[in-house]
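Hi,

Here is the structure I promised to hand over.

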Amino acid sequence: MDERGILNATPTQLLIGGGWRDGSAGRLPVEDPSTGEVLCEVADASAGDALAALDAAAAAQGAWASTAPRERGEILRRAFDAMIDRREELALLMTLEMGKNIGESRAEITYAAEFLRWFSEEAVRISGRWSNEPSGAGRLLTMKQPVGPCLLITPWNFPAAMGTRKIGPAVAAGCTMVVKPAKQTPLSMLALAGILTEAGLPDGVLNLIVSSKSGSIVAPLLADQRLRKLSFTGSTEVGRLLMEQASGNLLRLSMELGGNAPYLVFGDADLDAAVEQALIAKMRNMGQSCVAANRFHVHESVAGEFARRLTDRMGRLRTGRGTEEGVDVGPLIDADQRSKVAELVGDAVDRGASIELGGVVPPGRGWFYPPTVLSGVRPGTRLLREEIFGPVAPVAPFSSDEEALAAANDSEFGLVAYVFTRDVKRALRVVEGLQSGMVGLNKGLVSNPAAPFGGVKQSGFGREGGFEGIEEYLATKYVAVDL
Ligand code: SIN
């Protein structure tokens, strides 16, 4: 299917109670970030539409909770198969609305589909416990039940995978849901909603709303007592605000927020591997990922060589429209994101950093920013503290393990850290000392549907994927049994 074909085949309305319908707030444009041109328009939901979506989720909850786990698992499995079958067109759709290169979009479709497969297998493993009271007098029965209707808010950077890693466990656990994708990238989620419907998901289990004014449709949902859970992936700033709004209703929360991943390269590291993996950790999604390596702390004995090799590798990447085969680096999502990246680079240079590569906004259409390497980055520089969300690699030297660990932990965030060393004892010492929810040990990519993804500190709480992922959608009921 070509670009126009896939756009024409993708639903553009809201999905509420099993029916596709227009939004009461009109329509909103979806843009191609590599040209700034409008690709299509989709329905724009009002607060009334959002509440109608919750009405549908609440009405479907009882029947859905009592379906057989196998039935829920098989719906997910069929949706997994359909995503894999349609990988090529879904990848094209994602590249069009988000900009990442087509190879990365294909990889994301596979990654996204794997969450559905993983949770199709977990649906049938929800278990409880039967045990004796310590006194022997009675019995303790615990069972797991679906939390209830959920609001799932997903970001623009991984338009499919951030959806399936919430939708997969919610479906498997027996929860109904209202899904709200980011307004910049609603098309992947609209296509996914179509796939889940075709896979047999009953009406009202998944309701999808898109909005140009998120705050105005999310607040009434969070205040509605029928909603029982919020799962959010996005910035720490917005996460805090949502937590405040959710507190009135004491919602169960999963918060996957910002990151500021340190990438530690020790003097004994395999430098070839450290550079190759750095390319993945930094350049996946043009750096627009909460697990992107944000700052490279490199032992002073190899810092110069590491920066030189990284500059060489990043300098060979090809920038362009992500739909073209062979393009490595697509545009950033929008003008605001590009301005923020340029501002952070400007701050580093003002404070004495040297530009080894890139660092200049190119002329022409689209929100492109070149792969950039900065050396001699001084402590206190903003991009060592703030999430960059762009293809910029600051390299700062350290002289001891203690200094490296202190620098790594000197952040309000704690999502992921990367460690490169050949010394097992050093590796384990450093891994234990890192304040992060995840660590990549001699590996620049930690994301895996079978693993618990999530952070500590201001990076949030809750885990997505792995055995832990489904627990976020289950409530424990305990029964005291008198025999
Ligand atoms: C994210 O950037 O929010 C998630 C990235 C991933 O799952 O790999």
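In the hairpin of β3 and β4, glycine 36 takes a positive phi near 80°, and six residues lie between the strands. Strands here are DSSP runs of E with at least two residues, numbered from the N terminus. β3 (residues 27-31) and β4 (residues 38-43) pair in the antiparallel sense over five bridges; two strands count as paired if DSSP finds at least two bridges between them. Valine 30 has cysteine 40 in β4 as its bridge partner.

Before you go further: this is a predicted model, with local features needing pLDDT of at least 70 and side-chain atom pairs counting only at pLDDT 80 or more, while totals for chains, interfaces and linings use all residues. Residues are numbered from 1 along each chain as its sequence is written, and side-chain values use heavy atoms, with hydrogens and water left out.

Now the ligand. Both domain 1 (3-257 + 459-482) and domain 2 (261-448) give residues to its shell, so the ligand lies between them; the domain bounds come from an automatic or database assignment. There are 13 residues around it, and Tyr111, Arg165, Arg284, Cys290 and Ser447 come nearest (a residue counts as near if one of its heavy atoms lies within 4 Å). By class, that shell has six nonpolar, four polar and three charged residues (Ala, Val, Leu, Ile, Met, Phe, Trp, Tyr, Cys and Pro are nonpolar, Asp, Glu, Lys and Arg charged, the others, Gly among them, polar).

As for polar contacts (pairs of N or O atoms within 3.5 Å), a backbone N or O atom of cysteine 290 lies 2.8 Å from an oxygen atom of the ligand. For side-chain N or O atoms, the distance to a ligand oxygen is 3.0 Å at serine 289 and 3.2 Å at asparagine 157. The protein buries 99% of the 260 Å² that the ligand exposes when taken alone (Shrake-Rupley, 1.4 Å probe).

Two open sheets are also worth a look.

β6 (residues 139-146) and β22 pair over eight bridges, with glutamine 145 opposite alanine 475 in β22.

Cheers

Technical notes: Helix = DSSP H or I, 4+ residues; strand = E, 2+ residues; numbered from the N terminus. Polar contact = N/O pair within 3.5 Å; in protein donor to acceptor, adjacent residues only side chain to side chain.
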